[in-house]
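Thanks for asking me to look this one over.

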Amino acid sequence: MERAIEAVLDATGDDDPFSGTTPDAIADQFDEPVVPEEGVGLGVAIDEVAERVLANSVDPSHPRCAAHLQCPPMVPGLAAEAMLSATNQSLDSFDQAPAATVLEERVIDALGHLFDLPAVADGVFTSGGTQSNFQALLLARDRYCDQRFDRNVQRAGLPPGAASLRIVCSEAAHFTAKQAAHHLGLGENAVVTVETDDDHRMDLDALDETLSALDRRGCDPFAIVGTAGTTDFGSIDPLPELASRTAERDVWFHVDAAYGGALALSDEHADRLAGIERADSVAVDFHKLFYQPISCGALLLRDGDEFGRMARNAAYLNPEAHEEAGVPNLVAKSVQTTRRFDALKPYLAFRALGRDRLGALVESTLDLADDATSLLAASDDFQLVNEPVLNAVVFRYRPGEGLDDESVSELNAAVRETLLRDGRAVVARTDVDGVTSLKLTLLNPTATLDDVAETLDAIRACGSTVAEVQREVTT
Ligand SMILES: *Cc1c(COP(=O)(O)O)cnc(C)c1O
């Protein structure tokens with residue numbers, strides 16, 4: 001264990017966030033058998049991993065690693081991870097995880113309070129937003145089918161009228177809404193996306209038009225998904241208005257707060273989540289803005305009884321007799337069976353730092369994103385694409401007025417690839433209005449504006465290399 005810790009410390013102290021290596025070069029290092037007849041011994045195997053894996057990993061703790069929602073994990077989370085792995089508790093039955101079972105329930109209660117959900121709320125830890133969104137939409141579908149078609153989907157499967165079922169979300173919602181629709185047997189086409197406004201929030205007029213059109217066509221929208229923190233822009237849908245629409249229609253209101261849920265930690269920003277307390281379900285990820293190691297997420301339900309729609313009893317895990325005796329039973333709330341004690345990570349972080357200090361970490365990254373915006377706006381070779389709502393900043397490298405959108409797309413796509421090979425900074429790309437753009441997701445509370453400036457300089461340096469190559473090709 002000490003050798004492994006040393007290896008991690010060695011690998012993360014580098015000047016650059018990435019070695020810049022290629023998939024082929026990495027593959028070349030692994031030409032020895034993965035399963036040798038005789039092992040090399042743990043010490044040697046760890047050294048090999050240090051040399052080949054850790055040295056060629058991206059370092060999300062590096063201040064110039066700012067691409068995705070991949071956070072620098074905080075030490076309390078790492079300490080918790082060591083304890084929960086070493087003791088290997090499994091949350092699928094009380095006898096495999098006595099204290100862990102009770103503690104997960106306590107953490108879920110605390111999260112219910114954090115989001116102002118009622119006392120009857122409940123929840124379960126998940127692998128992340130994908131699983132939380134899936135499970136929320138599963139329960140939404142099954143409740144609707146129960147009420148509308150008098151159908152118990154758990155036992156009888158989808159009703160004959162299922163082709164009319166629809167999920168409504170904004171065009172900026174996470175792709176996992178569509179993925180869930182597929183997995184739920186509804187198909188991706190069951191997801192109807194609503195246009196967003198200039199700030200990438202769901203447009204309410206467009207929502208009302210969409211709902212009327214669905215009514216006219218005899219469709220059954222059974223869930224509206226609001227996003228609190230879209231992946232590219234951090235934008236937050238108008239949650240109170242979505243809560244009213246879903247209440248009027250008596251359909252499920254799911255809030256995907258995988259990214260933005262952490263605002264609840266901050267006194268300054270928590271009110272931006274107003275309306276979330278009216279959700280039927282909330283997805284929140286701790287492996288993003290709560291700084292916990294992957295994987296760590298939760299699904300919260302406003303009415304814990306809804307979990308009954310997926311409950312089942314297995315004689316070897318949660319026999320009915322146990323349930324009657326009040327033995328806690330988490331397996332019935334999860335889509336997993338064997339399940340990690342991930343709740344220990346936010347628990348240790350909450351206890352160690354308190355809401356105040358955790359909230360301050362989140363606030364500092366939002367401030368940095370604002371400062372980064374000013375820096376970009378003041379540079380004539382960069383074009384700012386969004387005013388950040390959270391800490392994601394989308395922009396384009398655009399040297400010179402004369403470049404059309406197509407050239408800008410090519411240039412920015414090439415800059416991102418060159419930058420990854422260079423290793424000095426790790427940034428993301430995305431398309432906005434059909435034009436390839438760059439994105440900084442500034443999750444790291446230790447990063448400074450100087451680090452952002454260095455990242456922009458690295459982009460400029462790669463940009464001029466790329467522009468030179470493009471000139472050579474065209475002349
Ligand atoms: C990250 C993210 C997801 C997917 O969550 P995973 O934890 O990657 O499974 C879903 N929705 C939003 C808004 C996200 O940011």
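Predicted model: local features only at pLDDT ≥ 70, side-chain atom pairs only at ≥ 80, totals over all residues.

1. Let's start with the ligand. Its shell is made up of 15 residues, and the closest of them are T130, D256, D285, H287 and K288. Sorted by class, that shell holds 9 polar residues, 3 nonpolar and 3 charged. Helix α6, which runs over residues 129-149, gives the largest share of the shell, with 3 residues.

2. For D285, a polar side-chain atom lies 2.6 Å from an oxygen atom of the ligand. The backbone takes part in the picture too: a backbone N or O atom of G129 is 2.9 Å from a ligand oxygen atom. On its own the ligand has 380 Å² of accessible area, and the protein covers 86% of that.

3. Next, the largest pocket, with a volume of about 1100 Å³. Its lining counts 36 residues, and those nearest the centre are V8, T12, S61, P73 and L78. Two elements each give two or more residues to this lining, namely α1 (2-12) and α4 (75-87). Of the lining, α1 supplies the largest share, 6 residues.

4. What is the lining of the largest pocket like by class? It divides into 25 nonpolar residues, 8 polar and 3 charged. At least three of the lining residues come from domain 1 (1-68 + 379-475), and at least three from domain 2 (80-349).

5. The second largest pocket holds about 390 Å³ of space. There are 16 residues in its lining, with E171, A172, D232, F233 and D431 nearest the centre. By class, this lining has 5 nonpolar, 6 polar and 5 charged residues.

6. Finally, have a look at the loop between β6 (281-285) and β7 (297-301), where S295 is found. The peptide bond that joins I294 and S295 is cis, with omega at about 0°. Y291 is also in the loop between β6 and β7. Although Y291 is not a glycine, its phi is positive, at about 65°. Why point these out? Most peptide bonds are trans, and most residues other than glycine have a negative phi.

Note on methods. Residues numbered from 1 in each chain as written. Heavy atoms only, no water. 1 Å grid on protein atoms, 1.4 Å probe; cavity = no way out; pocket = protein on both sides within 12 Å on 5 of 7 lines; lining within 4 Å. Points joined across faces, edges and corners; volume = space filled by probe spheres on them. Helix = DSSP H or I, 4+ residues; strand = E, 2+ residues; numbered from the N terminus. Nonpolar A, V, L, I, M, F, W, Y, C, P; charged D, E, K, R; others polar. Domains from an automatic or database assignment. Near = heavy atom within 4 Å. Polar contact = N/O pair within 3.5 Å; in protein donor to acceptor, adjacent residues only side chain to side chain. Areas by Shrake-Rupley, 256 points an atom, 1.4 Å probe, with all protein chains shown as cover.
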